[in-house]
Amino acid sequence: MSEPKKKLWIGNLAYKVQKDDLEELFKQYGQITEIKVLDKGPHVYAFVEFEKVEKAIEAFNSLQGRELKGQAMKIEYASGRKRSTNDRDKDRGRGGNDKYRKRDSNYKRRSRSRSNDRHKKKSKSNKRHSSSSESSRRNKQYNNKKQPVRSPPSDGLSN
């Protein structure tokens, strides 16, 4: 756990939580200087800053895990810096620094569609017959060969 600070990060908030809800809950622990609620897609979190560190510690200890609008809050002391994607990945056990992804600035990730094609089963008709490019090559070779001149079939009536 990080060192206690005046600013708290409150995570795992329900989508319907508003600034007023947090103010009502946290003001009982001391004077609040700032409240920010951030909605990042499916994740809603907030920052609550107290005037004194002692009040933040008291709120942290009292409200950790308490339900607000049906979800248990997760509270941490704010780190004082913006978190990057790599920091969040490390917290979630995803490693963060991916040396292969960052090997050069021109590196592009492969699309998933390539891996899906690899697992598709080929139809039986493709397995039994050669590919169309192969058959067209054979046709060209056959057509380029000189065909023997054949005499017309005789009908049995000769002069």
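Predicted model: local features only at pLDDT ≥ 70, side-chain atom pairs only at ≥ 80, totals over all residues.
Residues are numbered from 1 along each chain as its sequence is written, and side-chain values use heavy atoms, leaving out hydrogens and water.

Strand E1 (residues 7-11) and strand E3 (residues 43-50) run antiparallel, joined by 4 bridges. Strands here are DSSP runs of E, at least two residues, and helices are runs of H or I, at least four, numbered from the N terminus; two strands pair if DSSP finds at least two bridges between them.

What is the strand order in the open sheet? The 4 strands go E2-E3-E1-E6, with antiparallel pairing. E2 (32-40) and E6 (74-77) are at the edges with a single partner strand each, so one side of each has no neighbour in the sheet.

Now the helices. H1 (residues 19-26) lies across E1, E2, E3 and E6, while H2 (residues 53-63) lies across E1, E3 and E6; contact means heavy atoms within 4.5 Å.

Finally, the largest nonpolar core has 23 residues, and Leu 8, Leu 13, Phe 26 and Phe 50 have the most contacts inside it. Such a core is a set of buried Ala, Val, Leu, Ile, Met, Phe, Trp, Tyr and Cys residues joined through side-chain atoms within 4.5 Å, buried being under 20% relative accessible area with a 1.4 Å probe, protein chains only. E1, H1, E2, E3, H2 and E6 each supply at least two of its residues.

Methods
Axes fitted to C-alpha atoms, helices over the stretch in contact; angles between N-to-C directions. Buried < 20%, exposed > 50% of the residue type's maximum accessible area, 1.4 Å probe, protein only.
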